[in-house]
Amino acid sequence: MLLHTSKTAANLVADTRGMSQSDTHQSSAYKPSTHKIDTDSANSTQGYKNKQGHDKNNRAGVIIIGAGMAGSRFAIELARAQQHSIQQKNTHLSGMQVTDADVPLPITLISKEPQVGYNRIMLSPVLSGETAFEDTYLYDKADYEALGITVLAGLSVDTINTEQQYIKLDDGQVRHYAKLVIATGSTARILPFPNHTAKGVHVFRDVADVTALTNYAHQNKTGLVIGGGVLGLEAACAMAVQGASMTVVHTGDYVLNRQLDLPAAQLLQDELGRRGVSLELSTHTEAIAINDKDEVCGLVLKDGRTLPADFIVMAVGVMPNTSLAKASGLNVGHGIVVDDCMHTSCPHVYAIGECVELDGELFGMVAPVNQQVDTLVTVLKEAVISSATTAGDTKFLQAHWQPFISKPLSLKLKISGVAVFSAGQIAFSDTEAESIEMLVYHQPTLNHYHCLYLKDNKVIGAVLYGDVHDGSFYSQLITDSVDISLIKDDLIFGSAYCDLDAQAMSDTTTDRLSDEVEVTELMEEAS
Amino acid sequence: MTQTIATHTISADKDVNQLPLLDTANGATKTIRTTCPYCGVGCGVLAQIDEVGAISVKGDPKHPANFGKLCSKGSALAQTLGTERRLTQPYYQNKSASMWQHHRMPPEISADATAIKLPDTQPLIEHTDWNTILGDIAERLSDTIAKYGRDSIMFYVSGQLLTEDYYVANKFIKGFIGNNNIDSNSRLCMSSAVAGHKRAFGADLVPGNYEDLEACELLVLVGSNMAWCHPILFGRFLAAKKLNPNKKLVVIDPRRTDSCEFADLHLPIAAGTDTHLYNGLLHYLEQQGCQDKTYTSQSTGAEEALTAAREWTIDKVASACQVSSARIRQFYELVAANDKTVTAFSMGVNQSKSGTDKVNAIINTHLLTGRVGKIGASPFSLTGQPNAMGGREVGALANLLAAHLDLDNIDHRQLVVDFWASPQSIAANVGIKACEAADAILDGRIKAIWIMATNPVVSLPEANRFRQALAKCDLVIVSDCSVDSDTVKCADMVLPAQGWGEKSGTVTNSERRISRQRALVPATGVAKPDWWILSQVAKRMGFSGFDYRHPSEIFNEHVALTAYGNDKNQTLSTKNQPRYLNLAKDLSVFMAEVENGGQATHCRHMPAALSNEDYDAMPPFQWGGTRIPMIDTKRAWSAKPANDAASATMSCTKAQLIAIVPAADASVPNRHRQKQRNKRQDRDTSFRQSAPSLDLRLITGRLRDQWHTMTRTGLASQLNQHQSVPMLTIHPDDASQLGLMSDDFVQLQRQDEAGMSADEGASPVLVQVAISDAMRVGDAFMPMHWSNAFATFARVGSLIPTIVDPHSGQPELKNSAISISAVPMHIFGKILVHPDWQDAVIGQLRKILDDFEAKTLQKTGLKKNQDIVNKSDSESRCTVITWNLSRQANSVLINFACPSIDVSQILSAPNFWQQMAESLQSSKPLLSQPHTINTAHIINKKQDQLRLIMTQSLHDLTAVDQIETSHQKSHELLIMAVYLAPMLKYLPSIHWLDRCFADASQIPVNQRYKWLLAGRPASGYVDPGTLVCSCMSVGKNTIIETITQQGCISAAAVGKQCRAGTNCGSCVGQINELIAEYAQLAQA
């Protein structure tokens, strides 16, 4: 069937941004021949709809709705965990009869986009032409096949029946589940300015957006990006590289004002200028100007000016996709409400990724989402246990599962090749600021800037610009609330100078830091 | 050293002449014998010059003063050569602008001025050539004489001058200009010893010699920290004591100095009570029957002296000296028991309002016991300067004539007039002495002053008043070799003189031994010898007798004068005074001895003058013989052939005991006398006025590794490590009264006679405190070295009132009433700067002071402009920043501190330093190639912490990754590193940083800035700590490690392991202290 690739906001899928390619566990991608960006790929997607949607006993298995970074990763990890678990059992209980309960639950992954499980973070380099889209797949098709995962691409779920434990797809088919995992992600926000539906208003969210925006850039069009967050800056830089004339319109006093302090932002702004991206800061948008063909021709500002534009990209944050869950009767706040085992308000229904809300918190970064995936894998890997247990049995859960604990986040990103790192709290009220100590390092020639925010002998925030080598070190100090009074004088010189409990600190953290703390912004907030 | 004890005399060591002067055997390397320019020990130096001209020095093993040893200062002589900080060309100077810039002295403001205009700072100086400036000086001196008379000119000269320079200066002014207004900085040094000698012996004679320090059984040091100030001689004594541990050492000093580390007894007497102690000793010796009746029968004054002494019982002495009777008795018993007693005395005795009485009180005890000029038994004056004795020989003091002749003797004067062929008679009156000079200038008697090789605006008491006088003097000429002399900044004309290693001539040491200083290198720039400069001016003024072409001609003339009319009787005086100084005779005797010994020599018999070659080859020789026992007419002076008939008939002075009456107020600290001009003035509300203060006695003195005002020693990095900041040492009890901790800043204020702190408002002296129980309660010690060139507010001379000894005119420098109060500092800082940028950075710091003072002047207003001028005299304006300089191996360290919040804030902002970087970039590019100045900093505003480094780079730094990957050696030079914090302990050690100024290539390029800002590599670096052993460059941490890790628990073991203390030994005391402190941590 022809896959639905509408560019409307409602159909945009969850994204996980900022993570570099090396951060992913899998470097092999889908084969380009079977996964094209163009829409004429119905045949190739047939392969996913293998006949093992249900296993030979026609047992209901685990169904995952959404094949973004969270969903696809969860499918793979769960399958691997199950396989591992059964291998172990077979080793220990050789000769004994394999019972029904020992057979892993079948796994089905449903993808609305025809492209399954690509690394959305990598869309910026794709947009700038540095990376081919084919290189952004998280897993090879063969990986799914080898693990026996059923992939349904280009299909969306219409309804969930939580009573009967089945879902209904938009092609009409009904699938029963033992466990349902919702990973519907989020949708890029479109601010409802007058004429926001005009031709030439875009978001930067998926492959289709990349294709459209690349076309503008190649025609050397003039573009505006609304929103000076990471995504907006990346999009602006990428399109400037491709030939567009780009301006970022930002309501804040400086770009990345949630992630950077003013000096770091100024360094970044100077760098953006050098890369041909103009900035309109402290600027509020009134309306989108259009011509008689309903095409974007500019942006009307509240100060009365009109900035000319051939196209506009809104990069003003995302909203969790919760409509399906809501319609299915799940408890939904800003996101789908889950407990620390990723369990929703409904038996056998779980949720992970950008669509969830836990203790009032939404998640937009790779690291916590991966952590959620890991948590849920521990919850669901043992088919027997999981089917024998209810979510209410907390004693059992705590003994066998690793509940999800939200950790402070840090940001490490490369914008136009500039390394920027941010972690913890970096903005303070005036009264708060009085108790904050700032350690600043600055090298103007190299544009290196580091700022550590200290309170009560603890690092509570860090911004690094230019040289982010020590980002993970500082991040760990923040996460672990380390008392730094003994190393305070040397803190700003970096980890090499901070030998406090050298063994303990490096042994327990270094390895973990290297791959786990490389966390990335996912969620863009409207400013 | 040990094997040489008491065996070396010049006659016993004739092979001294065998060594070739120049040794060119080793390729192009040559060795030149010369003499150290520092203290009066006069050590022989072997300077080796290699084929590329690099110079190294070591002690001359053949020189009878040091036998191969050199102290820390002498060992560092090579580092003081070169063009750094040198005057290279004569110039005229806008004195007013210069004194504003360097001394914060505003110019006089006319009464009708409508606005206070500070002098333009450009151009300060105008370079010229010798011919122009010499002609100009001659003309202006002639004009001054014509207008104001002969007495309107004064020379202020120095113990740093060579005998030849000294001779010409003295001849010029006394014989030709026609006044006796020549005084030397020896006035501050040895004049009490001179006066004491003349009273006791009839002439300025030192009876003993260095061997007596080895031969004695008891050495008494009075007012001398010999371990620091004459370390080579102290080493000779210690070596002898090691061979014979029965030898005793007694130290008499209010401070427990490093010399006490080796003493059997220390008497920490109250300052100024030496006369009390020695009167008591005289009385005790009489009581114990120690009087040598034979000797005293040939002396005079014994009875009167004893009568005066008899009231000084031990208990009374103990009470006066504030030392226990038991200790006093112990000391007296030691002296009574040891015929072989040498009493060596130095500045603690001389620099006193009763200095001459102290000298005579000491000599009295030797005369009473006949312990004079005998082997191992003598009073011994340790001279301070390299050529204090030479100056005395040529008579270059206001109350001396020449050749040990007497100014008040008309026959003597006539003899000299005849010899010099002077155009007029020599004035009979004593000339203006050093401490009278300021008054003489200010009241208009002196219109022109020529200052040579000394820094009186630092060293004189009431130094600010002297500076004020120079500001008002019509003509100030300064000859010097260093730009870092504060006095140079006060001159109208500046003449570049040759320094050590360039100039050539003779010096005389404490034991009357004349040695040659020889040139090693060509003169810097167009610098000239002082004798040449003087002679050129004299000739241009139309005087004959100044056609010298070589210093040997001057030396010959000096020698000839000592022999002129000096017949067999060696008498000329109606006072039956013998003329001991007859260099012609001594030289001929010496040479005869050499020849009789069968040794070849370049020298021939006198009286034929020495040729240039003979003079250049002249070995060290002692005039007046080995010892002068003073009363034995048959052997009035020794070391001459027995068949010399002269001795039989030569008369001799009677040795004379002087009745000493200790002054009741001898120990009372001196206060400034209110001068008429010092009306109480309205002042700024200084930041100190309400602070609690404490009255103390200020004692000044020397540091171990520094010399005078540091213009030379300040150039050698290892000499700046021992104490690198101006410090005031006080007793813990005194510190606790003001709640002071070590390194806290205090302001020192002078006290005037009214008993209140003087009217000077904010103090010109602001230093850190060191707390030590080596001080007596109520005493404070501060080094005399610090000048404006090296520290903003540490010129201790400005606190000292001019109270002089009535006999010698020597000022008391060790007993001044001061009060101190704490000055809280907002920030402390260290700046390390490349030497090429030192002046530029200091200039930027000065601007802060400029701005502040300009504001103060404006605020004070015009109505009081006259007061403002006076205020400058006292540096009354409270300061906003203080700093000092300390030369390191590869950089200059500037320590600074800010009592002002405003200025602290300015300095705490990176902006200030970045702007400095920009101005440096535009003002003085070091390289002609394109370069950039880069900065990097860290800042913690909340803690007032800032660290900033500045580099100069030839690279485009944005390509740093490329540099890194290609392992290319970066051409990035460190220019400056600034560290600023609210407490000293937050500032990094500088040892590693200093190395980076020479070579920063050991730092990984991508971590360069962080390492430099941290002040150390990220790991694996052990800081050597404060330098303890200057000679071998061994730091405190290294020594502690040697003690604790290597288990070395004796100074010898430590020395064997890490070489500390193995050269001059002046740090052995400190090493012993470290051993005492850390030995228990030693690993077996």
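Modeller: Two strands pair if DSSP finds at least two bridges between them. Strands (E, at least two residues) and helices (H or I, at least four) are DSSP runs, numbered from the N terminus. This is a predicted model: local features need pLDDT of at least 70, side-chain atom pairs count only at pLDDT 80 or more, and totals for chains, interfaces and linings use all residues. Residues are numbered from 1 along each chain as its sequence is written.

Now the sheet. In chain B, three strands form an open sheet in the order β1-β2-β3, with antiparallel pairing. The edges are β1 (30-35) and β3 (55-59) of chain B; each has a single partner strand, so one side of each lacks a neighbour in the sheet. Six bridges join β1(B) to β2(B), residues 44-49. Within β2(B), A47(B) is the residue opposite I32(B).

Next, the rings. Rings of Phe, Tyr and Trp (its six-membered ring) pair if their centres lie within 6.5 Å; planes under 30 degrees apart count as stacked, over 60 as edge-to-face and the rest as tilted. The whole structure holds 30 aromatic pairs over all chains. One of them is edge-to-face, because the ring centres of W130(B) and W532(B) are 5.5 Å apart and their planes stand at 75 degrees. This pair links distant parts of the chain: W130(B) belongs to helix α3 (residues 130-148) and W532(B) to helix α21 (residues 530-540) of chain B, 402 residues apart. Ring pairs also link F155(B), F172(B), F176(B), W450(B), F543(B), F546(B) and Y548(B) into a cluster.

Notes:
Chains are lettered from A and ligands numbered from 1 in the order in which they are written. Side-chain values use heavy atoms; hydrogens and water are left out.
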